[in-house]
Amino acid sequence: MNPLPPPGTPGYTQALLADDPIWLTIVKVVVVFALLLVMTLFMIWLERRVVGRMQQRPGPNWNGPFGLLQSLADGLKLAFKEDIRPVLADKAVFFIAPVISTIPAFVAFAVIPLGPEVSIFGHHTALQVADLPVGILVVLACSSVGVYGIVLSGWASGSPYPLLGSLRSAAQVISYELALGLSIIAVVLYAGSLSTADIVSAQQNGWYIWLLPVSFIVFAISMVGETNRAPFDLPEAESELVGGFHTEYSSLKFALFFLAEYVNMVTLSAVATTLFLGGWMAPWPLSLIPGVNSGWLPVVWFISKMFVFLFVYIWLRGTLPRQRYDQFMRLGWKILIPVSLVWIVAVATLRVLRNQYGTISAPVVLMVGAVVLVVAIVVALMLPDRAADDDDAGSEPPVVGTYPVPPLDLTVPTSPPKRRRAVSRGPAPETAAVGSGQKEDA
Amino acid sequence: MQGSAGLTAYVPLIVMFVLAGGFALFSVTAAPYIGPRRYNRAKLDTYECGIEPSPQPVVGGGRVPVAYYLTAMLFILFDIEMVFLYPFVINIDALGLFGLVEIVLFIGTVAFAYAYVWRRGGLDWT
């Protein structure tokens with residue numbers, strides 16, 4: 001449908017990039033690095049402006065035109081603040097944790113294709129720092145390593161709030177990484193490659209957001225959980241944990257954590273664009289114009305698609321209150337993961353059957369539906385009965401006594417209710433029964 | 001193509017690593033020298049909203065709730081499953097119906113473990 005200039009065969013970009021001289025690589029790396037820094041500054045400004053508008057106030061508008069230099073000023077101000085290290089902190093780890101958190105954030109962006117083949121100083125190359133055969137796994141790996149920075153910073157601070165914040169963050173990021181990875185699998189299945197450039201070129205006949213809507217939704221949700229952003233910003237819930245894992249950090253170390261968070265947002269938005277929105281390809285009505293998908297113009301499409309995701313990040317923050325931690329973990333473990341698994345089985349089944357039987361006919365679809373249904377039913381049968389659970393929780397001995405006055409002979413349970421059934425205690429039932437008419441559950 | 005271009009493809013990642021690492025290390029090292037340094041004992045205490053901080057172990061901030069350990073173990077279980085799924089979906093066309101049946105059996109096995117953990121309350125956050 002789109003007239004795409006260069007051969008979109010798998011591995012084409014890899015071959016193209018292998019010819020890059022080292023100076024070109026360095027130029028690209030520096031440009032991407034600068035782009036990420038500028039995007040971070042711009043995002044902080046944009047976030048404050050947009051959230052400001054959503055809350056009926058102007059937001060920063062004093063430094064520079066439209067307040068654009070506000071975040072630059074904030075960054076400089078942070079640099080001239082005192083660098084405090086608490087006495088209880090572990091010196092080496094406290095020092096290195098911001099570095100560990102920053103590096104993977106930048107490295108992950110290296111595999112994102114920003115555009116097709118272009119010519120830089122007479123040298124033909126792709127607008128991408130690196131195209132690896134395992135491209136998309138690099139993103140997952142980097143986001144995993146980034147957690148170390150957060151965990152170590154909380155651990156090394158020698159303070160309760162950062163410790164709690166960092167543990168929450170670790171549990172949260174690994175939980176949502178599962179959903180993230182599972183949602184990518186369906187994309188890899190259709191693209192037939194882990195390389196990001198190949199995934200983009202596989203989408204020239206249709207973006208994967210239309211083909212794989214469930215994957216996209218799971219990805220979009222876990223993307224927010226993965227970057228610790230509102231409404232999933234539990235690691236830095238200021239009402240519970242002061243500042244979360246970076247409570248004890250100040251000055252440029254704090255700035256690095258801030259930078260890593262925003263770079264991660266930009267990176268994951270770029271990944272979402274690459275996987276589901278066709279990367280640098282022009283959106284539909286524009287894609288009919290010939291030549292719109294070649295040269296430097298695709299960078300514009302890419303950045304604008306990325307900003308759609310970045311705006312949604314801000315929008316979510318301006319709209320939704322923070323989730324409770326147990327609800328948040330429940331969403332990740334009990335909804336996103338099973339949905340992704342069933343979806344992967346369905347997509348894989350469809351794919352294999354279509355290869356076996358050519359075009360999909362009605363019986364094939366019915367067969368697929370039957371398989372999916374059987375899997376879903378088997379999973380559902382093995383799941384616990386929610387009613388039974390609630391019953392269990394509700395079988396606490398009823399409290400005797402009217403509302404303001406607690407029962408005076410309240411017996412303290414000797415063990416948690418769940419274990420009491422297994423270990424039967426001798427004298428406890430009598431005293432309870434005699435004392436307040438409470439009944440031990442059988 | 002895979003042979004010679006295999007490892008050189010990673011050079012840009014190393015360059016990026018060095019650049020980002022240099023930037024971060026420079027910032028972290030320079031921070032104490034750029035900013036002011038005024039000694040104050042209270043400032044170096046553990047942050048606890050203005051009250052005297054509660055006593056802490058010398059290193060490491062204290063004990064880790066065991067629920068996090070469980071989450072980490074479950075993560076490993078499912079992460080390994082995910083790792084196995086990637087090679088399968090890459091080669092799905094070559095493997096055909098046989099591969100599909102095998103992977104459904106595999107996912108079924110993991111789903112059984114998953115349902116067991118769910119039933120035992122391993123996924124509930126208390």
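Which residues are linked with Glu47(A) in a network of salt bridges? Glu47(A), Arg229(A), Glu261(A) and Arg317(A) are the members of this network, where a salt bridge is a side-chain nitrogen of Lys or Arg within 4 Å of a carboxyl oxygen of Asp or Glu.

This is a predicted model, in which local features need pLDDT of at least 70 and side-chain atom pairs count only at pLDDT 80 or more, while totals for chains, interfaces and linings use all residues. Residues are numbered from 1 along each chain as its sequence is written, chains are lettered from A and ligands numbered from 1 in the order in which they are written, and side-chain values use heavy atoms, with hydrogens and water left out.

**Salt bridges**

Over all chains, the structure holds 7 salt bridges, and the table gives some of them.

| Pair | Closest N to O distance |
|---|---|
| Arg317(A) and Glu47(A) | 2.6 Å |
| Glu261(A) and Arg229(A) | 3.5 Å |

Arg317(A) forms a salt bridge with Glu47(A). Arg317(A) lies in helix H13 (residues 297-319) of chain A and Glu47(A) in helix H2 (residues 22-54) of chain A, so the pair ties together parts that are 270 residues apart in sequence. Helices (H or I, at least four residues) and strands (E, at least two) are DSSP runs, numbered from the N terminus. The partners differ in accessibility, for which buried means under 20% relative accessible area, exposed over 50% and partly exposed in between (1.4 Å probe, protein chains only). Arg317(A) is partly exposed at 42%, whereas Glu47(A) is buried at 2%.

Glu261(A) forms a salt bridge with Arg229(A). This pair links distant parts of the chain, 32 residues apart, with Glu261(A) in helix H11 (residues 251-276) of chain A and Arg229(A) in the loop between helix H9 (213-226) and helix H10 (238-241) of chain A. Both Glu261(A) and Arg229(A) are buried.

**A hairpin in chain A**

Strand S1 (residues 115-120) and strand S2 (residues 123-127) of chain A run antiparallel and are joined by 5 bridges; two strands pair if DSSP finds at least two bridges between them. Val118(A) has Thr125(A) in S2(A) as its bridge partner. The hairpin formed by S1(A) and S2(A) has 2 residues between the strands, and Phe121(A) in the turn has a positive phi of about 50°.

**Where chains A and B meet**

Contact, meaning heavy atoms within 4.5 Å, brings together 94 residues of chain A and 74 residues of chain B. Between them the chains bury about 7,400 Å², of which 79% is on carbon and sulfur atoms; buried area is the accessible area (1.4 Å probe) that two parts lose on being put together, summed over both.

Thr349(A) is placed in helix H14 (residues 325-357) of chain A and counts as buried, at 3% relative accessibility.
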